[in-house]
Amino acid sequence: MHNPRLRLVGELSFTLLLVGFSLFMLWQAYAISKFESITSAGSFPMFVTALMVIAGLIIVGQTARSKPLPGEAGESALQQFTRQITPGVVVSFTLSIAVYMTLLGVLGFVVSSYLFLVVSMWLLGSRRVVLNLVVSALSLAAIYVIFQTVFSVVLPTSSLFKGFMS
Amino acid sequence: MTEALPFFFMTWADPWLLFLTAAGTFAGIYIGAIPGLSVTMAVSILISFTFKWNVNDALALISGIFLGGVYGGSRSAILLNIPGAPSAIATGLDGYPLAKRGEAGAAIGLTTVVSVFGGFVGILALALAAPAVSALALKFAPRDYLMLAIWGILLVGSLSGGSLAKGIFAGALGVLIGSVGLDPMTAEPRFTFGSLQLTSGISYVAAMIGFFGVAEVLAQLHELRLKAVKQDVSKIIPSWALLRKYLPLATRTSAIGVVVGALPGAGGDIAALMAYDHAKRTVKNPSRPFGEGAYEGLVAPESANNAAVGGAYIPMMTLGIPGDAVTAVIIGAMYIHGLKPGPLLMIETPHLFWFQVGALTLANCFLLIFGLTGIKLFAKVVETPKSILLPLILVLSAVGAYAISNNPVDVYWMLGFGVIGYFLKIYGFQVGPVILGMILGPLMDRSYRQAMISAEGNVVQFAGEFFTAPLSFIILAALSFTIVSQTRWWKRLRGRA
């Protein structure tokens, strides 16, 4: 039944990072109320973060023992990481989300979402520009109408076009 | 019992509630079926849109989406060999071979009917068992709630295929995120790093959308190029003789679905796999060998996963402990509407329980109607390219995260959790326990401290009560078994037996 998993590139570093984070949070949990009482505000968070440290260490052990997934011939670890874990499409799409979120407050929901939809559809391989423009406009119109009217949701407004459009 | 009837039929009599349940079921089928969209993701996003609504409206819509979504996953498993939801993994094993033989329509028809049957069995179990469980739950001490919550998180983490240590880590991470802000008992700041923003805590809706929406979208980018195959979807309605033949199997597997669904942490995905295994072991002469298009391979998982919906509502409504990730999100929705699922909910607001049972029953009826119609259009919709679908999900996620408190910071939290969730998923962690941990964390914290205070801060007395109180001992035994059964020693021992 035991199915040994092959170790992905960067997995060991990631698990070590989790242990480091858990240790930091354990220290933060200790700082809440130190060892003042067993029912103090910090007692349960200390227990939880200590559990994270222990589980994290076990995961590090398990990961270190597992066999690494072999890369392609002549491929460096960084190249393997870029290919398997953070391929270009993931990085570019994540960056476009970050830009979209920043623009939400500046350009408002309609303009920034339209730009995001058109650009990201193209980024993800939909090369029919006219189709992307039309699908983005139609779906955005549907989202706008449904959420503004049916759900009464307040959509992010523009700081640039205040009072002109949301 | 008769006083429950008006609440049971509320969704049936009110045109608006009727419409919302129908719309939810219809949308749920598509959401469940489109690979890349999950019911958990949809309900997470939906919560942020419906929190201003009347609680009945929100529950009617969510009930439809949940039932429709669990069923919808089977559609893409049959048509594309890509399970639209984890609960449909077993369905694809025989569903897709049937589709390749030109029997996609028949497979969908049979799946629909047995799903509806399973759904009714689950709802019946909910209606009958919940009041009894709720009465029993009144006897639960805080330490029992603490153990039930831990059990739920562990089950979600480990039973769904991941390692126990990773399940524990993910659950504890969720509890940690949930404890950011002011301590509810002493108002001391915890993990706020001096930030005023953090004193009000981290919005779990933003976290849910991040972990289930954004992380899933990013993970889906690895499979952008998957192409759909055209299928024959004529001859949908199954014959009466066929249904009668499979009724005994559907009844047995629905019972499995209810029991597994009712276990804290185990949902439709595990129920479906267990039911498939049961069918493989007990059906002597399947219509075709299992894995090559056996109808039994459709009947078992599909009746079980829909029966698990009713089952999952039992611990959610009676104990406030979610049966799976979706019910964890629904608990979040109930909290937002000012409700506290648990034994007192059943006593103080029994009408809400019967309303919920009525909404699920109605949604199940709509499932039959929508499940047997519009399949040709459906086959087109599920072929929507991911390059169009994923950006749209992202826009919906951003609107959802923003809408909860009109705060742009929540949108950034969503992205942050999305990126963390992506790496967790890639490296084999389950994100379900994180959300369960966030939802159950405050309950665990409170229960631990209440139990410790009642033991007068004496650790030995606190530990001793787990063994001296019969109910606590039973839960402790179940919890210990869950942990031990996940260890390598236990697996080796079973392998030898």
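Visitor: How many helices and strands are there in chain B?

Guide: Chain B has 24 helices and two strands, where helices are DSSP runs of H or I with at least four residues and strands are runs of E with at least two, numbered from the N terminus. This is a predicted model, in which local features need pLDDT of at least 70, side-chain atom pairs count only at pLDDT 80 or more, and totals for chains, interfaces and linings use all residues. Residues are numbered from 1 along each chain as its sequence is written, and chains are lettered from A and ligands numbered from 1 in the order in which they are written.

Visitor: What makes the radius of gyration of chain B agree with that of a compact globule?

Guide: The radius is taken over C-alpha atoms, and the globule rule is 2.2 Å times the number of residues to the power 0.38. For 497 residues a compact globule would have a value near 23 Å; chain B has 22 Å, so the two agree. The C-alpha atoms of chain B fill a box of roughly 65 × 55 × 50 Å along the principal axes.

Visitor: What share of the residues in chain B is called buried?

Guide: A residue is buried if 20 or more other C-beta atoms, placed from the backbone, lie within 10 Å of its own. Of the 497 residues in chain B, 61% are buried.

Terms used
Buried ≥ 20, exposed ≤ 12 C-beta atoms within 10 Å, placed from the backbone.
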